[in-house]
Amino acid sequence: MSAINPERRKFLGKTSAVFAGLVIAPGVLLYDFAHGRAAGEAASGRVRWGMLVDTGQCASDCNDCVSACNKENGLSGGTSATDSQWIRKVELKDLRSGRTTSLPVMCQHCEHPPCADVCPTGASFRRADGIVLVDKHRCIGCRYCMMACPYKARSFVHEPLTDQNPDVPRGKGTVESCTLCVHRVDRGEQPACVEACAKAGRRAILFGDIADPESEISKRIRAVASAQIRADLMLNPGIRYEGM
Amino acid sequence: MYNKAESRNFYALVAAGGLIVGIGLIAAYLMEEHGHIITGMNNQIVWGMPHVFAIFMIVAASGVLNVASVGSVFGRAAYKARAPLSGLLSIALLAGGLTVLMLDLGRADRLIVAMTHYNLTSVFAWNVVLYSGLFSFVAIYLWTMMEQRMNPWSKPAGFVVFAWRIILTTGTGLIFAFLVARQAYGSALLPPMFIVASFAWGLAVFHLAQAAMYAWNGKTPGPEIMRRMRILLGIFVLGTLYFVFAYHLTNLYFAKQTGFEQFILAGGGIFPWLFWAGYVFLGSLLPLLFLFHSGLHKTSYTVIASLLVILGSFAFLYVFIIGGQAYPLFIFPGYEASSSFGDGQIASYSPSLPEFLLGFGGIGVAFLITAISARVLNLLPHDIPDRRKRDAY
Amino acid sequence: MKLMKNFLLVLLLAMTPAWAGDSVAPRLDIGKGGQCVEDPKLMRRNHMDILRHQRDETMRSGVRGSRHSLAGCVDCHASSRNNSVLGGSENFCQGCHTYAGVRIDCFECHSSKRKTVAEAGK
């Protein structure tokens with residue numbers, strides 16, 4: 001990572017103009033780009049947020065998406081068995097060819113989320129725009145959703161917390177997972193991991209509306225081969241992976 | 001009817017039970033205060049020792065009703081005399097199990113949320129309905145048996161209870177059977193396996209309670225009914241064993257979960273030990289010997305056998321619940337996975353003291369309910385010793 | 001029952017001169033000042049219902065930018081001393097709730113600090 005990466009430089013050069021634009025007119029530019037909603041408007045069922053992860057661009061020694069997620073959401077960053085991890089880097093080794101792949105795994109934001117099916121109180125739910133969330137006001141901490149999630153995407157808060165990020169309330173005794181940075185997405189921004197990955201010059205994660213055929217992500221999904229993890233379970237996750 | 005010394009002993013017993021419940025409540029309070037960090041549970045093993053206790057009690061609560069069903073539904077007089085005790089034990093065990101389950105919640109203070117928001121697609125929510133249903137139906141059933149006027153209704157009430165508890169145990173099995181993503185659980189054999197296991201575990205609890213009550217009152221149950229109930233327990237233990245093996249075999253040969261089965265049955269450290277030595281040998285084969293060997297007909301052997309069956313059930317549930325979670329989730333078929341979040345690794349778990357205390361607290365709740373009600377309601381089974389009379393019954 | 005309690009409370013609050021600055025009643029640090037999002041009288045009685053409604057709107061439907069947002073209350077009502085709505089008998093939410101004998105769990109998760117400050121501290 002420390003060596004200067006020419007690709008990265010070029011990318012930074014190209015994108016700095018865009019970033020400058022973001023700084024000058026954040027509201028205007030991003031609103032159009034990512035369907036930020038006006039105040040008082042509910043999430044729309046015509047939108048489905050999703051991601052396309054290009055494992056070819058993801059390096060095993062890069063953890064930037066994870067760090068960015070921890071920072072954005074106020075996670076400790078610890079990796080003990082009782083620490084929350086909303087996104088993790090998984091290293092894969094193909095058992096036949098020996099080829100290795102690195103990729104981030106987080107809540108896959110299923111169309112038919114098993115967590116929501118099993119949740120006794122309806123705390124786990126899928127928002128109209130496809131984001132799977134825990135309504136922590138309703139969560140009783142039974143952890144059945146953690147048993148049901150095929151991706152092991154959820155964590156339970158084992159300890160009392162203090163000094164949470166004002167945008168991301170979290171608390172002891174409830175289950176949590178990747179929210180697709182819902183507080184940012186609702187403002188018209190990208191999830192923190194996506195931004196961090198781009199900043200690292202990799203752009204391995206593409207975020208967008210997969211229900212809109214004209215979106216960049218939809219076009220790319222049509223153009224390249226990509227797959228869902230455990231597609232056999234027919235959950236239709238909103239996160240797709242290229243190069244697996 | 002009770003003398004002074006007996007009364008003193010009884011209050012001492014109740015005080016001991018109360019102490020265990022109290023300690024359990026303190027454990028629950030500590031878990032609530034400090035969070036689940038003080039338990040051995042973590043993000044990989046999300047259900048631990050409290051769930052072993054709770055599921056044992058809930059499953060046994062349904063199975064213990066078997067005695068009542070044989071009496072009411074199948075009209076056997078000797079079992080009918082035991083139906084009230086069977087109903088009481090069911091309510092007591094269910095209360096104990098639910099107490100543990102509830103106090104283990106991350107937000108036990110939100111019980112009101114659980115009762116006002118039902119997600120109809122959730123097996124858990126169905127189970128809440130099934131549990132409260134069982135409470136009410138068994139209570140009504142007890143009433144029909146104990147209130148002379150209501151006696152004619154006790155048979156239909158018995159039928160309802162019979163049907164309801166079969167559905168309830170099916171529901172308990174489904175909690176796991178619906179977890180399709182986990183190798184250990186997504187099997188259609190789980191509901192029937194849990195039903196048969198409930199018969200065995202419930203009857204074992206019944207044997208213990210019955211023996212204690214007879215001993216307390218300085219009486220002995222008739223040899224004929226003991227023989228029948230002993231054999232019944234043996235049959236249920238065999239039946240459970242059969243289903244457990246069928247479950248593992250189908251996992252091996254149909255579902256091709258060879259990795260998981262090899263883990264649980266052979267290479268997985270504590271789990272194969274608990275399975276073979278704990279569940280199969282101590283919890284099934286040894287009790288079978290005690291139950292069926294012609295030289296071992298004293299009640300004390302049946303009591304030992306029942307204790308062993310209960311011990312074995314805990315071993316079984318530990319392997320089933322914790323072993324089932326310890327084996328890594330199969331997220332990337334064809335790949336070897338590793339990560340900071342335990343991908344591709346066997347998860348580790350060591351139960352902590354508060355978990356055990358909470359579990360025993362639940363057993364204490366069941367014990368207190370049983371002891372107090374059995375004394376107040378005088379539930380000691382009264383067998384009609386004379387053969388002619390019994391035939392006329 | 002609850003209505004009754006609220007009613008009595010409001011009556012009590014309205015009637016006691018304490019509310020005007022006596023030592024018995026909480027002297028609350030209103031925070032930034034300006035105007036509350038609703039009539040203060042109404043807020044005193046109904047803020048919990050307003051918050052609950054807003055909570056479901058935002059959490060489940062994704063409605064943002066409402067003036068009833070909890071983060072908004074905190075931003076305005078946080079004390080100028082410790083930038084928080086909690087902390088002591090003068091702090092807005094805590095002061096009144098302690099006085100009224102109410103316990104809320106909201107700030108086990110939600111930040112009790114004014115947003116700008118909370119973020120600068122990171």
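**How chain A and chain B meet**

In this predicted model, strand S2 (residues 87-94) of chain A and S1(B) pair in the antiparallel sense over five bridges.

Q: Why are S2 of chain A and S1(B) said to pair?
A: Pairing asks for at least two bridges between two strands, and these strands have five bridges, so they count as a pair. One example is Glu91(A), whose bridge partner in S1(B) is Ser338(B).

Q: What makes the link between Arg88(A) and Asp343(B) a salt bridge?
A: The rule wants a side-chain nitrogen of Lys or Arg within 4 Å of a carboxyl oxygen of Asp or Glu. Here the closest N and O atoms are 2.5 Å apart, so Arg88(A) and Asp343(B) form a salt bridge. Across the interface of chain B and chain A, the rule finds two salt bridges.

Q: Which element gives the largest share of the side of chain B that touches chain A?
A: That is S1(B), with five residues. By class, this side of chain B has 26 nonpolar, 18 polar and eight charged residues.

Q: How do you know what area is buried between chain B and chain A?
A: The size of an interface is often given as the accessible area lost when the parts come together. For chain B and chain A this is about 4500 Å², with carbon and sulfur atoms giving 58%. In chain B, Asn43(B), Tyr335(B) and Phe341(B) lose the most area to chain A, together 16% of what that side buries.

Q: How many residues does each chain bring to the contact?
A: Chain B brings 52 residues and chain A brings 52 residues.

Key:
Residues are numbered from 1 along each chain as its sequence is written. Chains are lettered from A and ligands numbered from 1 in the order in which they are written. This is a predicted model: local features need pLDDT of at least 70, side-chain atom pairs count only at pLDDT 80 or more; totals for chains, interfaces and linings use all residues. Side-chain values use heavy atoms; hydrogens and water are left out. Contact means heavy atoms within 4.5 Å. Buried area is the accessible area (1.4 Å probe) that two parts lose on being put together, summed over both. Helices (H or I, at least four residues) and strands (E, at least two) are DSSP runs, numbered from the N terminus. Ala, Val, Leu, Ile, Met, Phe, Trp, Tyr, Cys and Pro count as nonpolar, Asp, Glu, Lys and Arg as charged, and the others, Gly among them, as polar.
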